[in-house]
Amino acid sequence: MSEPIRQLVAVSAWNVRSMSSRLKSSTAAAVGFFGVVLVFVVILSIREGLVAIAKNTGSNSVAIVSNSSGLLDGSAIHIIGQMPGVAQDTTSGPLVAGTFEATAQITTRSSNLLGTVTLRGVGQNIMNIWPKLRIIQGRMFKAGRDEIVVGQQAERLFRGLSVGDSFNWNHRDWKVVGIFAMGGGIYESELFTDVVQLQTAYNAANQYSNVYVRLTSPSAFQAFRIALERNPQLSVTAVRETAYFQQIAGPLSKILILVSAVITLLMAIGAIFGAINIMYSNVAKRMQDIATMRALGFARLPILFAVVLEGVVLGLVGGASAALIAYLIFNNYQASTNTNGAMMAFSFSVTPALIATALLLSLVMGLIG
């Protein structure tokens, strides 16, 4: 081992071993880094959870057709079903389903206050459009009845939505006959009912908010969209189902990234200056030891490296502790937010990539400090 490397190892080992004598100041520096990284991880775990639920919603083989200026009427469904790229069922024909959306006020479980839930009217062929839709408790609603099936997340968010319960909305009693799952996406925070019953209750007979279309393949979307938007009988736009819900989550995701960046930067500046003061004090207390090492022939670089290494170690200790605590407490933590005027359930997600980013952040802060 060469002399410079031997000195580097010896001084670094001595410095790390002597940190126990500076436990109070070292702990203070590590706690500063801990707070920064904890806030960073928690805020971005919310963003990761929202991104994950958007990714779990929809399919690239499904298109959503809408009219930006209002509702679509029943005749539009027939025209849309004739477009190229639309999948066909041997018994029911084109896999096209009109939906109608409304909102209802229901008491939430967490606060006992009223919250808003999306009530979506769908047709009987909806399971052909959404093959991931499955009833996990009870049964599917029947056409012509005021019955609903409840997403498993909506059942968790709101009171009175268990199988057998009823709630009054728009002068009608809607009976819960089933609970459904749908791959963990946004739809699981909604209620589904017969589209005709919902249109009638809303005085919007034969009117649709959106039309869902299952395509023959994801690659068929472009031809379908072009043919649809060029059709003179319609004035509509089409978007992939996956892109539609990513657009919903996108603005909130950007806000969370901005908030995380601003808060982390402000806290990091404070933590770094705190570390600077602590490290300056620690070095000042060891001036005699450093002078002795210099007199014994140790070069400047190994001593400088040992001081920098101490800052890095404190940063990593604080950052790793924060990442571990955040993972144990917040990973898969259930929460909800408002999107498109209704509540949506999601889970915090402390991902490996987020933990790695947090450790890198703590390393940089420790290095600068």
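Guide: Happy to! Let us begin with a term: a residue is buried at under 20% relative accessible area, exposed at over 50%, and partly exposed in between, using a 1.4 Å probe and protein chains only. This is a predicted model, where local features need pLDDT of at least 70, side-chain atom pairs count only at pLDDT 80 or more, and totals for chains, interfaces and linings use all residues. Residues are numbered from 1 along each chain as its sequence is written, and side-chain values use heavy atoms, with hydrogens and water left out.

A salt bridge here is a side-chain nitrogen of Lys or Arg within 4 Å of a carboxyl oxygen of Asp or Glu. That rule gives 8 salt bridges.

One of them joins E101 and R120, whose closest N and O atoms are 3.0 Å apart. E101 sits in strand β5 (residues 96-107) and R120 in strand β6 (residues 114-122), so this pair ties together parts 19 residues apart in sequence. Strands are DSSP runs of E, at least two residues long, numbered from the N terminus. R120 is buried, at 2% relative accessible area, whereas E101 is partly exposed, at 28%.

Another pair is R172 with D146, again with the closest N and O atoms 3.0 Å apart. R172 belongs to strand β10 (residues 172-181) and D146 to the loop between β7 (134-138) and β8 (147-151), so the pair ties together parts 26 residues apart in sequence. D146 counts as partly exposed, with 21% relative accessibility. Through shared partners, salt bridges also join E101, R120 and E190 into one network.

Conventions. Helices (H or I, at least four residues) and strands (E, at least two) are DSSP runs, numbered from the N terminus.
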